[in-house]
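User: I have a structure open that I have never looked at before. Could you walk me through it, a piece at a time?

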Amino acid sequence: MNKTVKQKIQYFLSAPLRYRTKRGFGVHSPFAFQYIMNVWSEKYHYYAYSEIENKYHRLIFRTINYLRPSRIALSIDDPLMERAITLSAPRAKIFKENIDISAECFVIDKSTPELDNIFRQKIKTGTDFTVIVCNDADIFTDANYGMSFGNNKLRIYIMRHVLPRQNFNVNL
């Protein structure tokens with residue numbers, strides 16, 4: 001069976017679980033429940049929504065607005081995404097060309113060896129950080145802490161050393 005067909009079937013079959021998770025059912029971690037209910041599934045209109053139309057850009061806007069990082073590394077070529085990030089954290093320093101290891105939040109479309117080294121170093125030192133991956137890549141298979149929230153188009157890793165290692169598949 002073709003891998004993409006198999007993934008589509010698995011995704012379709014997991015729809016009831018993703019629906020329940022989106023509503024907060026079965027989520028026992030207080031942080032995860034709060035994030036899913038107040039950020040991921042937020043239905044209220046934000047001030048910047050008139051400039052942000054894409055639902056994934058809006059989710060990234062809400063996530064960055066919720067976490068409030070002061071340094072953001074952007075490794076994606078999407079001006080609309082960049083605008084959403086700028087609106088959500090107007091005082092944050094945004095790095096586009098050179099990825100800075102001191103960044104608290106990384107927005108990427110795919111992992112690179114340079115980014116993998118930065119992430120490994122941050123995990124090794126127990127530094128808290130967030131990674132927003134604009135595909136469903138699982139880039140933290142060896143991490144022993146942090147939570148991930150996502151679906152087949154977007155995955156958000158909140159790597160805080162006080163959070164247990166959990167993955168949540170959530171509809172948007």
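User: Let's start with strand 3: which way do its side chains point?

Analyst: Cys-105 and Val-107 point one way from strand 3, while Phe-106 and Ile-108 point the other way, and all of these residues are buried. In a regular strand, the side chains alternate between the two faces of the sheet. Please keep in mind throughout that this is a predicted model.

User: Okay, and what does Val-107 touch?

Analyst: Leaving aside its neighbours within four places in sequence, Val-107 is in contact with Ile-64, with the run Ile-72, Ala-73, Leu-74, Ser-75 and Ile-76, and with Met-81, Ile-85 and Ile-132. As for strand pairing, Val-107 is the bridge partner of Leu-74, and Val-107 also stands opposite Ile-132 in strand 4.

User: How does the chain get from strand 3 to strand 4?

Analyst: It crosses through helix 6, residues 113–125, and this β-α-β crossover is right-handed. Strand 3 and strand 4 run parallel and are joined by four bridges.

User: And what about strand 1, which strands does it pair with?

Analyst: Strand 1 pairs in the parallel sense with strand 2, residues 93–95, over three bridges, and it pairs in the parallel sense with strand 3 over four bridges.

User: Changing topic: how many residues are in the largest nonpolar core, and what supplies them?

Analyst: The largest nonpolar core has 29 residues, and those with the most contacts inside it are Tyr-35, Ile-64, Val-107 and Phe-149. Helix 3 (30–40), helix 4 (55–67), strand 1 (71–75), helix 5 (79–88), strand 3 (105–108), strand 5 (147–150) and strand 6 (155–159) each supply at least two residues of it. Helix 3 gives the most to this core, with six residues. Apart from this core lies another, of 18 residues, with Ile-108, Val-133, Ala-143 and Tyr-157 among them.

User: Why would residues like that gather?

Analyst: In soluble globular proteins, nonpolar side chains tend to be buried together.

User: What about Thr-130, is it buried or exposed?

Analyst: Thr-130 counts as buried because its relative accessible area is 7%, which falls under the 20% cut-off. Thr-130 lies in strand 4, residues 129–133, and, not counting residues up to four places away in sequence, it touches Leu-67, Glu-104, Cys-105, Phe-106, Ile-156, Tyr-157 and Ile-158.

User: And Arg-68, buried or exposed?

Analyst: Arg-68 is exposed, with a relative accessible area of 61%, and it lies in the loop between helix 4 and strand 1. Its phi is near 55 degrees, a positive value in a residue other than glycine, whereas most residues other than glycine have a negative phi.

User: Last one: what are the overall numbers for the chain?

Analyst: The secondary structure comes to six helices and seven strands, and from the N terminus on the elements run α-α-α-α-β-α-β-β-α-β-β-β-β. Of the 172 residues, 45% count as buried. The accessible surface comes to about 9,800 Å², of which 52% belongs to carbon and sulfur atoms. Among contacts between residues at least 6 apart in sequence, 48% join residues at least 24 apart.

Note on methods
Residues are numbered from 1 along each chain as its sequence is written. This is a predicted model: local features need pLDDT of at least 70, side-chain atom pairs count only at pLDDT 80 or more; totals for chains, interfaces and linings use all residues. Side-chain values use heavy atoms; hydrogens and water are left out. A nonpolar core is a set of buried Ala, Val, Leu, Ile, Met, Phe, Trp, Tyr and Cys residues joined through side-chain atoms within 4.5 Å. Buried means under 20% relative accessible area, exposed over 50%, partly exposed in between (1.4 Å probe, protein chains only). Contact means heavy atoms within 4.5 Å. Two strands pair if DSSP finds at least two bridges between them. Accessible areas come from the Shrake-Rupley method with a 1.4 Å probe; for residues, only the protein chains shown count as cover. A crossover is right-handed if, with the strands pointing away from the viewer, the path from the first strand over the helix to the second runs clockwise.
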